[in-house]
Amino acid sequence: MIGVSTYVLFDKSLGVALYKFREFPLDFVEIMNEGYHLLDKYNYKLHLESLESYGMKNVIHAPFSDLNIGALNEKLRRVTLEIIFETLEIAHEMGSLLVVLHPGHYSPLSSKFPKAYEKVHKRSLEEIDRVAEKIGIKVALENMPKFPILDGQTAERIYELIDGTNLYVTFDVGHLYTVTKNYIEFLELLGDRIIHIHLHDNNGESDSHLALGDGVIPWDDVLKVLPKDITWSLEVRSLDDFKKSFEFLKSYLK
């Protein structure tokens, strides 16, 4: 299943973004649930009706800006979890295929108390897992790009974070290519826990979300080993980059 992230049109309203995507033979739209694309209990039905009228399913990317499931400040952690739980409820009501989740990240405080951070981070993931199981929605933890405060950058770390839970994995190929570039290891270690893929290109250093083919990722090698029976989402910077990437994918999948 091929889809697109509303990140492509993040400066437009969600209604406008969905309307523009209707022109393409997409299986789903991944809604970046923040900013102009924020879903709530008042607006989600309208957007769901639009998606259904366009014949597209949906994936929801949980909010992450200003939030941290690894926060050592318990009030901030609880607020973060409440926002994520609300997203899970809306995803269930919208019949979403899955919810994408970012790991926690380090702060000046948690960098000084790494054991406490590990405990709190794991507790948050376990809570999210329990709520997701109760609601009946799949949650897939995403690997992060190379950046000092970001957690979950490697296959090994993602494995540690989901161990002991029923959480799944979102494999962001572009993110991994700024870290280890070892996509074979990622696929082998995480296997059938991977249920969603983010596709975008870069120069191997910065997380620039370029169109496929505009960076250095060897797509001929990568695409042929990615699992074909899961959702692939194009997460690029502009509508033009999406069109280019979509054509790139279509030519490969012929």
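Start by selecting D66, in the loop that runs between strand 3 (57-61) and helix 3 (74-93). You are looking at a predicted model. Is D66 buried or exposed? D66 is exposed, because its relative accessible area is 84% and the cut-off for exposed is over 50%.

Now check the backbone of D66. Its phi is positive, about 70°, although D66 is not a glycine. Most residues other than glycine have a negative phi.

Next, select K181. Where does K181 sit? It is in the loop between helix 7 (173-177) and helix 8 (183-190). K181 is not a glycine either, and its phi is positive, near 65°. K181 counts as partly exposed, with 32% relative accessibility.

Now widen the selection to residues 23-251. An unreviewed UniProt entry annotates residues 23-251 as "domain: Xylose isomerase-like TIM barrel". This span is 43% helix and 14% strand.

Last stop: the largest pocket. How much space lies in it? The largest pocket holds about 390 Å³. Select H61, F64, H102, M144 and L150, which lie nearest the centre of this pocket. They belong to a lining of 24 residues. What kinds of residues make up the lining of the largest pocket? The lining divides into 13 nonpolar, eight polar and three charged residues. Colour the lining by these three kinds to finish the tour.

Definitions and conventions. Residues are numbered from 1 along each chain as its sequence is written. This is a predicted model: local features need pLDDT of at least 70, side-chain atom pairs count only at pLDDT 80 or more; totals for chains, interfaces and linings use all residues. Side-chain values use heavy atoms; hydrogens and water are left out. Helices (H or I, at least four residues) and strands (E, at least two) are DSSP runs, numbered from the N terminus. Buried means under 20% relative accessible area, exposed over 50%, partly exposed in between (1.4 Å probe, protein chains only). UniProt positions are given in the numbering used here, feature names are shortened, and annotations may be inferred rather than shown by experiment. On a 1 Å grid over the protein atoms alone, a cavity is a set of points where a 1.4 Å probe fits but cannot get out, and a pocket is an open set with protein on both sides within 12 Å along at least five of seven lines; lining residues have an atom within 4 Å of a point. Grid points are joined across faces, edges and corners, and a volume is the space filled by probe spheres set on the points. Ala, Val, Leu, Ile, Met, Phe, Trp, Tyr, Cys and Pro count as nonpolar, Asp, Glu, Lys and Arg as charged, and the others, Gly among them, as polar.
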